[in-house]
Amino acid sequence: MIRGRVLGEVWATRKAPRLAGKKMLLVAETCMLPQGEQPTGRVIVAMDLLDAGRGDEVVVAFGSGARNAEVPGSRDVLVDASVVQIIDGTSTGSTPLISS
Amino acid sequence: MILGRVIGQCWAARQSPRLDGNKLLLVRPLAWYDPDHQADHLVCVDPLGAEVGQDVVVCMGLPARLALGDARHPVEAAIAAIVDGVEVYQDACREPAFCFAHDRQPESMQER
């Protein structure tokens, strides 16, 4: 799983059958550097079930974990990354870091 | 998933029977999170009928095989969606363009 920030949205009318009505978000992975949170330049398209909004910090799961986010054990939905958490706060080391 | 653009197509008289004549598209990744090899483009199975020049979302792994019916296909990437528009929030990431290299920007990208 990775942590990233919602960078944008991808919308499409012609999709795989089980993806109809699902939002697809562009998530830019971020990493914590001394000077703060920096995008690593890697971007992923993730299916969104939690209605993450603009600029939210999220956790993205990959592979079959992403498919379990929707229906546990589902195999035929054409997804390999989905948003599983919208982060309210992060603590690294001893200092609590409220990031958003 | 991977955001990419269809740059071509490939077909073959002699191919694995388990591909059962499916159309294979060449997709150049615009945003590929974790490329396991330095590929300029991917070859994907296309159940949706995308054309060259369209932006698409590609899904990798087991679901790509299941998109052809069952898991017994020699396939690893399938097209999950044909993109109509990509919207990038300007302030979400300090340098959104940093993630879309100049020559890899999606066609229908708007900044909001």
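Predicted model: local features only at pLDDT ≥ 70, side-chain atom pairs only at ≥ 80, totals over all residues.
A:Trp11 stands opposite B:Gly85 in strand E6 of chain B. Strand E6 of chain B is covered on both faces.

The contact between the chains was then examined as a whole. The size of an interface is often expressed as the accessible area lost when the parts come together. Chain B and chain A bury about 3,400 Å² between them, and 62% of this area lies on carbon and sulfur atoms. On the side of chain B, the residues that lose the most area to chain A are B:Met1, B:Tyr33 and B:Tyr89, which together account for 27% of what that side buries. In terms of residues, 40 from chain B are in contact with 39 from chain A.

The rule finds 14 residue pairs in polar contact between chain B and chain A, with both residues at pLDDT 80 or more. The count of salt bridges between the two chains is zero. Several elements of chain B give two or more residues to the side that touches chain A: strands E1 (2-10), E4 (55-60), E5 and E6 (85-88), together with helices H1 and H2 (96-99). The residues on this side of chain B comprise 30 nonpolar, four polar and six charged ones.

Within chain B, B:His73 occupies the loop between helix H1 (62-66) and strand E5 (77-82). B:His73 counts as buried because its relative accessible area is 7%, under the 20% cut-off. Two polar neighbours of its side chain can be named. The side chains of B:His73 and B:Asp70 are joined by a polar contact of 3.4 Å, and a polar atom of the B:His73 side chain lies 3.3 Å from the backbone oxygen of B:Leu68. When neighbours within four places in sequence are left aside, B:His73 is in contact with B:Arg18, B:Asp20, B:Arg65 and B:Leu68.

Chain A contains one helix and eight strands. From the N terminus on, its elements follow the order β-β-β-β-β-α-β-β-β. Along the principal axes, the C-alpha atoms of chain A fill a box of roughly 45 × 25 × 20 Å. Of the 100 residues in chain A, 49% are buried. Among contacts in chain A between residues at least 6 apart in sequence, 49% join residues at least 24 apart.

One residue of chain A was considered for its backbone geometry. A:Asp51 has a positive phi of about 55°, although it is not a glycine. A:Asp51 is placed in the loop between strand E4 (36-48) and strand E5 (57-62) of chain A. A:Asp51 counts as exposed because its relative accessibility is 58%, over the 50% cut-off.

Key
Residues numbered from 1 in each chain as written. Chains lettered and ligands numbered in written order. Heavy atoms only, no water. Helix = DSSP H or I, 4+ residues; strand = E, 2+ residues; numbered from the N terminus. Buried < 20%, exposed > 50% of the residue type's maximum accessible area, 1.4 Å probe, protein only. Polar contact = N/O pair within 3.5 Å; in protein donor to acceptor, adjacent residues only side chain to side chain. Contact = heavy atoms within 4.5 Å. Buried area = accessible area lost by both parts, 1.4 Å probe. Salt bridge = Lys/Arg side-chain N within 4 Å of Asp/Glu carboxyl O. Nonpolar A, V, L, I, M, F, W, Y, C, P; charged D, E, K, R; others polar. Pairing = 2+ DSSP bridges.
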